[in-house]
Amino acid sequence: MSLKEIFEKNPDRRYIMFGGKGGLGKTTFSAATAYWLAKRGYKVLVFSVDPQASLSDIFEKDIFGKGPVEIMPNLFAQEIDADQRIREYQDEIRQKILDMYGLDQVPEEIENYIQAAAAEPAMEESAIFDEVVDIVVSGEYDYYIYDLVPLGHALYYLSMASVYDQWIDKITGLREEMAEYDQVAAVMRREKETEEDKILKELQYIKHRINASSSILTDKVKTAFYFVLIPEEMIILDTQKAAGLFAKYDVPLSGYIVNRVIPPELAADNIPDYLRNRMEMQKKYLHKIEQTFGSEVLTNVPEFERDITGLPMIERVANALFEGQR
Amino acid sequence: MSFPPFITRLGRGVKSTFRTLAEIIYGATIHEMVRDLRKERAHLEHLFILIVFGDILGIPILPPYYTLHLLPYIAPNITGWKRSLLRERDLTDLCDQEIG
Amino acid sequence: MNAVVTLLIGLVAIAVGYGVYAKSINKNVMNPDEKKATPAKMYMDGVDFTPANRNVLFGYQFKSIAALGPITGPIVAVQWGWLPALLWIIFGTFFIGWVQDFSTIMMGVREEGQSLGALSYRFVSPRARTILLTFIYFYLLLIMGAFGKIVGYDLMTNPAVPLGVLLVIGVGLLAGQMTYKWKMDIILTSAITVILAFVGIWLGTLPGVKNLFLAINGGETSPVVFGSVTQAQFIWSLVTLVICYFGAILPIWRWAQPINYVAFWIVFLGIAAGTVGLLVWRPSIPADFPAFTNWNGNLCAASDCSGLEKTPLALGALWPLLFVTIACGAISGWHSLVSSSGTARQLESEADALYVGGGAMFLEMFLAVLSLLTAVVGVGATTGFAGYVGMIAAGKNAGVFAVGLSEMMSRIGVPTSFGLPYGSVFLTLMALTIMYLVVRFMRVASAEFMGDKVPLFKNATFGSIVALLLSAVLIYTGFWARIWVLFGGANQLMAALTLLLITLWLMSKGKSYMWTLIPFVFMYITTIGALLLTAYNTIHQVMTTPGLAIDLVVGNWLAGLIAIYLVISALILGWDSLQAFQRQRAASVEAKAKV
């Protein structure tokens, strides 16, 4: 089955992700897919949560930290500035504390905590994933295409989601026990209503958010995950391993896309040995890819003669990706 | 219908006497029970803070983004929590109950 | 003199004591500042520090300080005659009792709600804190001995009482289930359980039930099991300890608190009915009831003892013993613990301290006067002085109160056949509600003292059993009157320590302190005298009485040694306090020189 057919047959798969090691062309394919869908009349948002992402480069437009920017009709692109996002969030928390308790200044101890928490390495990921939930649940777009953070981080987050889930359940149990004490005290004091535990509500909210972000990654109906690989031995092995892990976390794999295939029509007589050897090598590995991943290999995308930047080049990649054009 | 002023004043006096008596009886009976329930609850609250904000295990269990989300609700308890954890206690702290 | 006049004297003492003396001290020395944030507000943590309304705190303070102490003490002290007891109750409260309770609250409030242990460490010496802790432990143990004997030897051996007690405990457990688990309305719960409790007490008085319990006791004259302990005393003391075991082991809401709650109403209604009965009755103090017996509190010198099976033990010299025999009701060191770590941390405003601390103490004084009257007129007006002597001789100290109260209640139509067991159940519950808290404290205390060396003490069951075994030794041995005096002694030493602490604190703040220093000196000397006398009496008795039952030998030695320990630690404390005084003096001289 070709990529195009998969898109046509599964209109529900509206969350599209390209994964794979860095530098294999994930961002390129994200942009090309967004372009192709936009051209077909769908409203698309392509966004990057990778601080090293290069959507700005590919679209030749600085969009970093500017929210969704319209690139062409129906095509929007967004690069999340995690640091800025965290700073805003810290301010939001500070403001909430000031409002809740009518303070002029956040107490020092609390302020220290806010700063220390922002410095945690896990802060960035959790902030990004939370942002993703915001973007996706807004439902403004027909398709969401995201350029993932490097694989390891996504997997870590996924693996933690179920731990968080159980943990929040336990903590919720603790809060409920506390609410029980409140209720008995209210009975004794003949008070009609007990004050609702706001933390209990917030815990439910957090649980919902974490589940939402992990389910976006693991939803079999709505999510399509494509692995990008190139015909090289190490990459094939890595991809195999990663695919195994993804399967373990229930990420629905929709297929593999091979990038950087040297166009066979180059195989004229008068090419340098260097190129010929490379083509021989690629042929061997393409064969191996076919053996390993079989019919799940959706398409081969050729190596282009120049950088993929600007809409015309993106269009060429899109055509190669979806229409099989060389 | 209106009563002569001295009757309303008397009524108010009787009412407030009853209120005072009810409050005293409450203090002699339920107050301590409610106080213990609240203490028990406060201990759980401290446990909660310790788990969520303790950072004692090195890795915060909840993603830090969400710990911050809970912070505003915990804020007033954090100083009290620290003091309560750090305060030295001896037997004389426990003797606030009836004996003798 | 009429009993109502006695009550009126009490009221006048309250009016002058509270309305004039206490108010002027409050205004001129303490200067409470209504606007100043109290520790309850400043450090509100939901655990120790939480502000509460002044009336609520008054109720809390009163129920915490008033228990079996103000009821039993005066009855025992009547052995010197009713006048010395009455005077000590009134003047003790007037000059010392409220002073201590009120000042401890103020000191706690001004010193950030620090506990008494921490304050003794700071103001007296590090070992003062340790000594205070040992006073507390002995005090707790002596409560177990004194109250345990009241319940197990006296009240429960009356066959009309045990079923009522057990049923009220059952009803208390039901009350706990109804509030904590079924979350039923508290007024409905109270109504149902209090009615059930009264039905339970009444069931206990039925002839069939009485005969059953009489059979358990082994007949009217219960046979001796060992030493001089009878079968009834043995069984009911054991039952008491078992009840305490549950109270110490089960969660506080499951056992101790709901039973206390039901018991509160039984006690409250009993005291209210007794007071009203007394006002309706208005008896005169009987002519044959001596205002003063003799300096030695020797009843047989004041009344004919020839018809009695056992002769009552002469208490000993009026000074110092009267002043430890009545502790609660005049002045009690325990109050200071409640005041500092309980009330001071909940006080909403400094201006409430006098009402809560002083007011509750004056009300307790009133309770002590009422209790005195149960003996003097309740028993005295019906069976005469000889009736009182007979009951004391039979070891029925608390029984005097039950008889007196039932006489008072009979004037408003409560038959004595119900009123008497009711009074006994009432006292038993009062004792029990305290005893299981005591075991809980002893458990915590032993875990704190021993837990690091012997980890087993950290185990709640083990800690409780050790506490109960120690209590059992005290209950089954020795003379109750001696234990009672020791109990008062440990209590009054705490009072002396607290008064000392307050004096040092006042000195450090540059306030006038004679009004606490003189009471301290009086309490200190009196208590040491009382303890030395008790040590001498107990040990002397063992040495000079041939063929004393083994339980009494053990008990007397135990009492004597505890008394000696208390004296020695009190002397160390005196030495430390002298130095603390000098330090404080020097500091104030220095401060003045600077100015």
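Q: What makes a residue buried, exposed or partly exposed?
A: A residue is buried if 20 or more other C-beta atoms lie within 10 Å of its own, exposed if 12 or fewer, and partly exposed in between, with C-beta atoms placed from the backbone. This is a predicted model, in which local features need pLDDT of at least 70, side-chain atom pairs count only at pLDDT 80 or more, and totals for chains, interfaces and linings use all residues. Residues are numbered from 1 along each chain as its sequence is written, and chains are lettered from A in the order in which they are written.

Q: Why is helix 14 of chain C largely enclosed by the rest of the structure?
A: Helices are DSSP runs (H or I, at least four residues), numbered from the N terminus. Helix 14 (residues 318-325) of chain C is largely enclosed because seven of its eight residues are buried. Among them are L318(C), P320(C) and F323(C).

Q: Which helices do these buried residues pack against?
A: They pack against helix 4 (69-77), helix 5 (82-110), helix 20 (480-508) and helix 21 (514-544) of chain C.

Q: How many residues of chain B are in contact with chain A?
A: Two residues are in contact if their C-beta atoms, placed from the backbone, lie within 7 Å. Here 30 residues of chain B are in contact with 33 residues of chain A. Helix 3 of chain B gives the largest share of that side of chain B, 14 residues.

Q: What does chain B present to chain C?
A: On chain B, 30 residues are in contact with 47 residues of chain C. The largest share of this side, eight residues, comes from helix 2 of chain B.

Notes:
Helix = DSSP H or I, 4+ residues; strand = E, 2+ residues; numbered from the N terminus.
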